[in-house]
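User: I'd like to learn how to read a few features in this model. Could you walk me through them?

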Amino acid sequence: MINNYSTFQKNDEHKDYEYFIRKYLKGLGFAYDRFIVVDNTPGIVNCVEKKILMENLRKELGDCKRCELYKTRKNIVFGVGNPCSEVMFVGEAPGEEEDLKGEPFVGRAGRLLDNMLLTIGLSRTKNIYIANVLKSRPPENKISNHLESIPICLPFLMKQIEIVSPKIICCLGAVATQAILNSKLPISKIRGHFHDVNGIKVLPTYHPSFLLRNPIAKKEAWEDLKKLKKMIDILREDN
Ligand code: URA
């Protein structure tokens, strides 16, 4: 590697060490964005492993045909974000835009979610991981017509949670809340309170699509976000 680097340095186009590291890791098959800081800090290896485990899980999901939804979906929507995050968000199922792009929460609801998260310093490109209960879009977004898909798909979400091992999960809406908390309470009753699930603090809140339809509920969602931020700060102080 050193030799390679020396040779590399001679090339006027590529003097930058970081560039070399990125290229080297990419050559080994790693997505390189988490490797920009190359040091011996405990946790870095952990993040590398999480990234690899997540990639392997995506491979295991493959071109999933475990339920009927594969017939109508355009793309699998696996998850997005930093698998080395302390906070994870769980949504329901991809909608039309997510299905087209293969990424969760990229439509109107997703833009609202991104803006809400920004206000408390969270971003899908940096410090959260987002996934849905279902990885394939139910036709017309009617998950209620495809409830049989939930237990089929759920093990993949659970594995994602296991890999990320977040300190906090924020459940967006009733479907995610029921899947994670196994509770049938209406979201209006259960939201805004932390629940402990195997040591993970789980906070249910409204789904951003619900907030688009019911802007009056944004006030309560904002209260939930403030609680989330407070919990993140408390857990960081504890460390
Ligand atoms: N709604 C969800 O629950 N998930 C998405 O990815 C998009 C919209």
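**Reading the fold, one feature at a time**

Analyst: Let's begin with the whole chain. Among contacts in the protein chain with a separation of 6 or more, 65% are between residues 24 or more positions apart. Keep in mind that this is a predicted model.

User: How many helices and strands are there, and what share of the residues counts as buried?

Analyst: The protein chain has 10 helices and six strands. Of its 239 residues, 44% count as buried.

User: Now the cysteines. How many disulfides are there, and which residues form them?

Analyst: The general idea first: a disulfide is a covalent bond between the sulfur atoms of two cysteines. The working cut-off is a pair of cysteine sulfur atoms within 2.5 Å. By that rule the count here is one disulfide. Cys47 and Cys84 form it, with their sulfur atoms 1.9 Å apart. The pair ties together parts that are 37 residues apart in sequence, because Cys47 sits in helix H3 (residues 44-61) and Cys84 in the loop between strand S1 (80-81) and strand S2 (87-91).

User: Is that disulfide left-handed or right-handed?

Analyst: Look at the torsion about the S-S bond. For Cys47 and Cys84 this torsion is about -60 degrees, so the disulfide is left-handed.

User: And are the two partners buried or exposed?

Analyst: Buried means under 20% relative accessible area. Cys47 is at 9% relative accessibility, so Cys47 counts as buried. Cys84 has a relative accessible area of 23% and is partly exposed.

User: What about Cys64 and Cys171: where is the nearest cysteine sulfur for each?

Analyst: Cys64 is in no disulfide; its nearest cysteine sulfur belongs to Cys153, 6.3 Å away. Cys64 counts as buried, at 13% relative accessibility. Cys171 is in no disulfide either, and the nearest cysteine sulfur, that of Cys170, is 6.9 Å away. With 0% relative accessibility, Cys171 counts as buried too.

User: On to helix packing. At what angle do H6 and H7 pack?

Analyst: Take the angle between the axes, then sort it into a class; 65 to 115 degrees counts as roughly perpendicular. Helix H6 (residues 149-164) and helix H7 (residues 174-181) pack at about 75 degrees, their axes 11 Å apart. H6 and H7 are therefore roughly perpendicular to each other. On the H6 side the contact is made by Ile150, Leu154, Leu157, Met158 and Ile161, and on the H7 side by Val175, Ala179 and Ile180. By class, that gives eight nonpolar, no polar and no charged residues.

User: How do H5 and H10 cross, and which residues meet there?

Analyst: The axes of helix H5 (residues 108-119) and helix H10 (residues 218-238) come within 10 Å and cross at roughly 45 degrees. H5 and H10 are therefore oblique to each other. The crossing of H5 past H10 is right-handed. Leu112, Met116 and Thr119 from H5 meet Lys218, Ala221, Trp222 and Leu225 from H10. By class, this contact has five nonpolar, one polar and one charged residues.

Definitions and conventions:
Residues numbered from 1 in each chain as written. Predicted model: local features only at pLDDT ≥ 70, side-chain atom pairs only at ≥ 80, totals over all residues. Heavy atoms only, no water. Helix = DSSP H or I, 4+ residues; strand = E, 2+ residues; numbered from the N terminus. Buried < 20%, exposed > 50% of the residue type's maximum accessible area, 1.4 Å probe, protein only. Axes fitted to C-alpha atoms, helices over the stretch in contact; angles between N-to-C directions. Parallel < 35°, antiparallel > 145°, perpendicular 65-115°, else oblique. Left-handed = near helix turned anticlockwise from the far one by under 90°. Contact = heavy atoms within 4.5 Å. Nonpolar A, V, L, I, M, F, W, Y, C, P; charged D, E, K, R; others polar.
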